[in-house]
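Trainee: I would like to learn how to read packing and charge pairs in a model. Please take me through one.

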Amino acid sequence: MEYPAGAPAPLQLISIDSATGRVSCGEEASACLRSIKTPIGVVSVCGRARTGKSYILNQLLGQSTGFQLAHSHRPCTKGLWIWSKPFRRVGPDGNEYHLVLLDSEGIDAYDQRAQDGVQLLSLAVLLSSMFVFNQMGPIDEAALDRLSLVTQITKHIRVRAGGAAAEDASELSTFTPSFLWLLRDFYLDLEDEGRKVSPREYLETALSPSAGAGTAVEAKNQIRGSIKALFPDRDCFTLVRPMHDERALNRLNTLQQEQLRPEFQEGVSKLTRLLLARAQPKRIGFVPVSGVMLAGLAEAYSAAINEGAVPTIATAWQGVAEAECRRAAAAAEDAYRLEFNVEGTPAEPEALLEEHLRCMAAAKAVFKSIAVAEPRVRGEAKAGLIAALQHRYELTREAVLARAAAGVDQALLSAAQQISTAARLHKTWAEVQGQVSTAIAAYDAATAGPTKWPRLTVFLQQQYGHMVADFVQKCEADAEKKISEARTAAREAEWKLSAAENKANKAEIRVRDLVSAEEALKLQLSAERQRHSSSSRSSSGGGWLACFRPSEGGGF
């Protein structure tokens, strides 16, 4: 059958090479399962070839076509197939899960090796949460013999490494799915001595030990006991023949619902409701299995078969659980890394620790949502995750604080230059102190980290010593300059005074000279007067000299 591109279609999950017996997992089917992160339920339908197994699965899909139905003696389904579109359901506990339908190759196909049939049944049982054994007609010895093939899976499965088949048979039931024996074309009246009995009671009666002794009876009772031991949660359901026209039965998937017997339609409706209600998520122990884990189990079981070993549930489950926990831890580490706000977190130990604890809680939540395993495996993975996150935090903390310390060093260098310049340039200590306060404010705004204040304290202790020394040196230099200037001024004043004194001395000498000259002149005049007076007396006192006679009071 051809399916439109992108439309839901069956995907081969398990195939067995008829020549080599090698078991393979289909990539598309595995990818489909791995896309399911929620718990997963699996309804598998097994039985003889050409008994309408695919038809029942298509009814669960709510459609007449889907899984391929054969119209001839040749079987259509080879290996194990799943429907590519699992459908979402909500369990009784309110939690979401997805349901996958699994179709299997007929257990007695004419071109099938006996070992292949048992291996396929083993894998179907191991992977299912609801196992439907589809059979035509009532339960009889022949039917029990056919079902005994199912019980042979105890020879092909071990619960734990080193376990024997006999030991595992009693333990295997805790890992087997719910079992429904579906009886098709059932025509008997379910009565026991005139009392109507349910299909479940009919099944339990058929599985009751047969009376008698002998090898044959013992073998039959062993089959009955094995079925009961292997499937403690079991039930039975009957369906009447869909219609009486044999030729039309070959095209059952093409018939309209109204062409089928009402009893059959009602039975199919009840069956689908029953299967959907009882097909709960698969569990290993108390741990729900996700689609990712189911794909891992299929691959682990297939690898064990290919290696010639018996698939061991505990070993396969531990490997899958550990892988799932590793995936959960990796996702949690990614969440921690993306959540940690390095740039927005102050470079302080307390702030970094608070951010670490916040991101650690987010990482643990991611781990918890993904890691599905028993407490021991989950606990070991969680401990490893916490150790890894703690190591990542310590590296981050070390890097952040190292950058902060480098920033402190750079800021202190800048502050030292500013303070040194201030001490050299400013005239008063108050001005220097103001520049120091400005430098400290800039330092506070630009730096962080545990070394911030201790380094500043040491820095100021050192800088104040240098600053005081620089300031004193500056003051001393200023004082020396002023003293030098004063000395120069004094020398200049002294020189000027000396020059003035020289001038004064010269002036005094000049004055004395002038006084001396005046005195000399006075003496000369006096002498002249005397001489003149003598001359006047000797003359008659007249003549032209009379006009030169000095006036009274002296002088000319």
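Trainee: Which residues does Phe131 touch, not counting residues up to four places away in sequence?

Mentor: Contact means heavy atoms within 4.5 Å. By that rule Phe131 touches Ser44, Cys46, Leu121, Ala124, Val125, Val150, Pro177, Ser178, Phe179, Leu180 and Phe231, with residues up to four places away in sequence left out. A word on the source: this is a predicted model, where local features need pLDDT of at least 70, side-chain atom pairs count only at pLDDT 80 or more, and totals for chains, interfaces and linings use all residues. Residues are numbered from 1 along each chain as its sequence is written, and side-chain values use heavy atoms, with hydrogens and water left out.

Trainee: Which members of the largest nonpolar core touch the most other members?

Mentor: Start with the term. A nonpolar core is a set of buried Ala, Val, Leu, Ile, Met, Phe, Trp, Tyr and Cys residues joined through side-chain atoms within 4.5 Å. Buried means under 20% relative accessible area, exposed over 50%, and partly exposed in between (1.4 Å probe, protein chains only). Here the largest core has 91 residues, and Ile82, Phe131 and Trp181 touch the most other members. Helix H11 (residues 313–339) gives this core its largest share, 10 residues. Helices (H or I, at least four residues) and strands (E, at least two) are DSSP runs, numbered from the N terminus. Another core, of 25 residues, lies apart from it; Val45, Tyr55, Leu60 and Leu101 are among its members.

Trainee: Now the charges. How many salt bridges are there?

Mentor: Side chains of opposite charge can pair when their charged atoms come close. The rule asks for a side-chain nitrogen of Lys or Arg within 4 Å of a carboxyl oxygen of Asp or Glu. The count comes to 17.

Trainee: Where in the chain do Asp235 and Arg200 sit?

Mentor: Asp235 is in strand E11 (residues 234–238) and Arg200 in helix H6 (residues 199–206), 35 residues apart. Their side chains form a salt bridge at 3.3 Å, N to O. Asp235 is buried at 9% relative accessibility. Arg200 is partly exposed at 39%.

Trainee: Are Arg278 and Asp235 buried or exposed?

Mentor: Both are buried. Their side chains also meet in a salt bridge, 3.1 Å from N to O. Shared partners join Arg200, Asp233, Asp235 and Arg278 into one network of salt bridges.
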